[in-house]
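Visitor: Hi, could you walk me through this one? I'd like to start with the salt bridges.
Guide: Happy to, here it comes.

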Amino acid sequence: MTKEVSIHCENLTKSYGSATALAGLSFKVSKGEIFGFIGPDGAGKTSLFRILATLLLPDNGTASVEGLDVVKNYKKLRQILGYMPGRFSLYQDLTVAENLQFFAGIFRADIKENYYLIRDIYEQIAPFANRRAGKLSGGMKQKLALCCALIHKPVVLILDEPTTGVDAVSRQEFWEMLIRLKQEHITILVATPYMDEAVLCDRVALIQHGEIMAIDTPDNITRAYPDQLFKIKSSNTLTAIRLMNEFEGILSAEMFGDTVHVSAEKGRINANAIKEYLSEKGMMASAVSEADPGIEDCFIHLMKRSGIVRKEKVNP
C-alpha cells in the first residue's frame with residue numbers, strides 16, 4: 001500500500017554566493033511520519049527547513065507541503081505549518097502565557113479547543129506562566145516554543161534542531177512529546193546533529209554539505225554497513241588511533257567518546273589480532289571487542305565513500 005506524501009522536494013538547490021547550501025535535494029516524507037535530517041552544522045538542514053517553512057526562496061527545484069507549492073502557495077501553507085527555528089524566537093519580554101496567547105491570536109486559534117495537543121508539554125511550564133520567556137531555562141524555552149508552534153493544530157511540524165543546547169533529561173522529554181504527537185497524525189520533520197536521536201525517527205536522511213548520502217529507516221541504514229567494526233577501550237585513544245591506522249587491513253579508526261571504533265575488511269582480522277598488535281607496539285588495550293555499527297559509524301563510512309572530507313565532528 002502506497003503511503004500518502006506530505007512533503008515532496010525535487011532537485012532543490014540553494015547557494016549563498018560561492019557557498020552551496022543545498023546541492024539538488026530530492027526526497028519524500030509520508031503523512032504522519034517522524035522524518036529526521038541528521039548531520040553536523042553547515043550540512044544544509046536550516047536552509048532546507050526555512051525553504052519548507054516558506055521563509056526562504058530556493059534557487060532551483062520544487063518543494064511542496066501537503067500538495068501546496070512553497071513559493072506559489074505560501075500564504076495557505078503558513079496556516080497549516082508549525083515551525084520551530086533553531087534559535088529561540090519567541091518574545092522574551094512577554095510571559096509564558098502571553099506568548100501562547102499571542103501565537104494563538106495570530107492564527108485565530110482557540111487555546112481551549114487545541115489544548116489537548118500541548119497539555120503534556122504546557123503543564124510542565126504552567127507553574128512559570130507569569131515568568132518572562134527570556135528568564136526561562138533552555139529546556140523550558142524549547143517546550144514553550146513547541147507549544148506556540150502547535151497551538152493552531154498544524155498538519156506539518158518543522159523543528160530545526162529543537163534539542164540543541166538543552167540537558168539530557170529535557171532532550172528525552174522532548175522526544176517523548178514528539179512520539180505522542182505522532183499519534184495525532186501530525187507529520188514531523190526534525191533536524192538534529194545528535195546521532196542517538198536518529199533511532200527515534202521512522203526514517204532519516206543523512207546529510208552533509210547539502211547532499212543526501214542515504215535515506216532509510218535507522219535499522220536499514222545500520223544493517224547496510226559493509227565493514228567489520230571493532231571497539232577499543234584504551235587509556236590513550238590518540239595513540240590507539242595512530243597505531244590502528246598503520247595496521248594492514250584497517251579501513252578507518254575514529255574516536256567515539258572514550259573508545260576507538262575501528263572498521264576493517266570483513267573476515268580480515270579479529271579482536272585478538274588487534275589486541276596482540278597493540279601489545280607488540282607497547283600499548284595495552286583494556287578491552288577489544290566486535291561492535292554493532294551505529295548511525296554515526298554509517299555517517300562516517302558514507303562520507304568517506306562519497307569523497308566528502310570530514311571537517312566536523314558530529315555530536316555523539
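Guide: A salt bridge here is a side-chain nitrogen of Lys or Arg within 4 Å of a carboxyl oxygen of Asp or Glu. This is a predicted model, where local features need pLDDT of at least 70 and side-chain atom pairs count only at pLDDT 80 or more, while totals for chains, interfaces and linings use all residues. Residues are numbered from 1 along each chain as its sequence is written, and side-chain values use heavy atoms, with hydrogens and water left out.

Visitor: Okay, how many salt bridges does that rule give?
Guide: The count comes to 14. In one of them, the side chains of Glu-248 and Arg-268 meet at 3.0 Å, N to O.

Visitor: Which parts of the chain does that pair tie together?
Guide: Glu-248 lies in the loop between α8 (237–245) and β12 (250–256), and Arg-268 in the loop between β13 (259–264) and α9 (271–280), so the pair ties together parts that are 20 residues apart in sequence. Those helices (H or I, at least four residues) and strands (E, at least two) are DSSP runs, numbered from the N terminus. Arg-268 also meets Glu-265 in a salt bridge, at 3.1 Å from N to O.

Visitor: Is Glu-248 buried or exposed?
Guide: Glu-248 counts as exposed, at 59% relative accessibility. Buried means under 20% relative accessible area, exposed over 50% and partly exposed in between, with a 1.4 Å probe and protein chains only. Arg-268 is partly exposed at 39%, and Glu-265 is partly exposed at 36%.

Visitor: What does Lys-304 pair with?
Guide: Lys-304 forms a salt bridge with Glu-254, and their closest N and O atoms are 3.0 Å apart. This pair links distant parts of the chain, with Lys-304 in helix α10 and Glu-254 in strand β12, 50 residues apart. Lys-304 is partly exposed at 45%, whereas Glu-254 is buried at 15%.

Visitor: New topic: what order do the strands take in the open sheet?
Guide: The 6 strands run β6-β7-β8-β3-β9-β10, with mixed pairing. Two strands pair if DSSP finds at least two bridges between them. The edge strands, β6 (81–84) and β10 (211–216), each pair on one side only.

Visitor: And how many bridges join β6 to β7?
Guide: There are 4, and β6 and β7 (residues 156–160) run parallel. Tyr-83, for instance, has Ile-158 in β7 as its bridge partner.

Visitor: Which strands does helix α10 touch?
Guide: Helix α10 (residues 295–306) packs on the sheet and touches β3 (34–38), β9 (203–208) and β10, where contact means heavy atoms within 4.5 Å.

Terms used:
Axes fitted to C-alpha atoms, helices over the stretch in contact; angles between N-to-C directions.
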